[in-house]
Amino acid sequence: MAIPESQRPLYRAFIDQGLEAWLARLPDQLARGLDRKRHGDLPAWEKAVAKLPTLPEARQVDLNNATVTVECMLRDSQRRQCENLLRKLAPWRKGPYRLAGIHIDTEWRSDWKWQRVAPHLAPLDGRRVLDVGGGSGYHAWRMAGAGAAFVLVIDPSPRFYYQFQALRHFVGNADGGRTHFLPVGIEDVPEQLAFFDTVFSMGVLYHRPSPLEHLLQLKDALRPGGELVLETLVVEGDATTVLLPGERYAAMPNVYFLPSSAALCQWLARCGFDNVRVVDEAPTILDEQRSTEWMTFQSLADFLDPDDSTRTREGYPAPRRAVIIANKPR
């Protein structure tokens, strides 16, 4: 079977990284993740990326800025074409980006999360990194900018896959071809892989009906001594405090368990992690998650009690997030 041109770098990277066991699964995983029968809008997203105009070789790429930036000279007509095509991939959730003068103001100020996380990481230079549920890849580009040798985003959303491919079109090979995207979930990562030096799971745990299983899957992906970076919704309380919301939490239907940070640390210890530490915890503010012209649907302000911003509209504590770092034992 011929490999599409856009997928060849992923195959080559898996070969270069010695991931032959996973490589054998790639054709099926890509076929399922990009199945047109399951995703009716997929052909339109694919077409939008394919129609992006050829960019000049001379461009300036900054993966270390709060706004992931690509500067290059385009004619006004080309810039309008690019903007129209990028808008076809909306809503844009994670960012921000600036591409050839086009500012993509995403729903999340993901740069704020990165600022909270980055000071506490083991240096990423030369490391192999897995970003679970990475969306369009904002944090992955920042990881590459920090020197990671291999970054793999996994996220089952084909929209995010094509957003990533659009960004790749602008970034070109400025990251050394070290950043990749596979449209699968953590359950598709081979068991007992023990490969990655750092695994990120940010904004995923509360969507999992079996959170301990998720933690064990993350642990399986790490090499001995590797570092887990976990960011998730939490509630205030002691080691016995866990909120199990009803049908919805902050208008989201797929939120299951919201532990306190102390309870989450206990979960990680029970799953066999060591050196578990909370490095940040704070409420999510309205300036960090909001509607924009690139994400025009409802956002955090619409999900809170209009008379009490410390509560969700269902009456639960308003979103609060913690970053916890832990290690897989050697």
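Trainee: Over the ring of which residue does the charged end of Lys113 sit?

Mentor: In this predicted model, Lys113 places its charged end over the ring of Trp108, 5.3 Å from the ring centre. A second case is Arg128, whose charged end sits over the ring of Phe195 at 4.2 Å from its centre. Phe195 also belongs to an aromatic cluster, together with Phe14, Trp22, Phe150 and Phe196.

Trainee: How many aromatic pairs does the count come to?

Mentor: The count comes to 13 aromatic pairs. Planes over 60 degrees apart count as edge-to-face. The planes of Tyr97 and Tyr138 meet at 70°, with the ring centres 6.0 Å apart, so this pair is edge-to-face. The pair joins distant parts of the chain, since Tyr97 is in strand 4 and Tyr138 in helix 7, 41 residues apart. Both tyrosines, Tyr97 and Tyr138, are buried.

Trainee: Is the pair of Trp141 and Phe164 stacked or edge-to-face?

Mentor: Trp141 and Phe164 are stacked, with 10° between the planes and 5.0 Å from centre to centre. Trp141 lies in helix 7 and Phe164 in helix 8, 23 residues apart. Buried means under 20% relative accessible area. Trp141, at 0%, therefore counts as buried, and so does Phe164, at 2%.

Trainee: How many disulfides does a search of the whole structure find?

Mentor: The search finds zero disulfides. For Cys72, the nearest cysteine sulfur is that of Cys82, 7.6 Å away; a disulfide needs the two sulfur atoms within 2.5 Å. Cys72 is buried at 7% relative accessibility, and Cys82 is buried at 0%.

How values were computed
Residues are numbered from 1 along each chain as its sequence is written. This is a predicted model: local features need pLDDT of at least 70, side-chain atom pairs count only at pLDDT 80 or more; totals for chains, interfaces and linings use all residues. Side-chain values use heavy atoms; hydrogens and water are left out. Buried means under 20% relative accessible area, exposed over 50%, partly exposed in between (1.4 Å probe, protein chains only). Rings of Phe, Tyr and Trp (its six-membered ring) pair if their centres lie within 6.5 Å; planes under 30 degrees apart count as stacked, over 60 as edge-to-face and the rest as tilted. Helices (H or I, at least four residues) and strands (E, at least two) are DSSP runs, numbered from the N terminus. A charge sits over a ring if NZ of Lys or CZ of Arg is within 6 Å of the ring centre and within 35 degrees of the ring normal.
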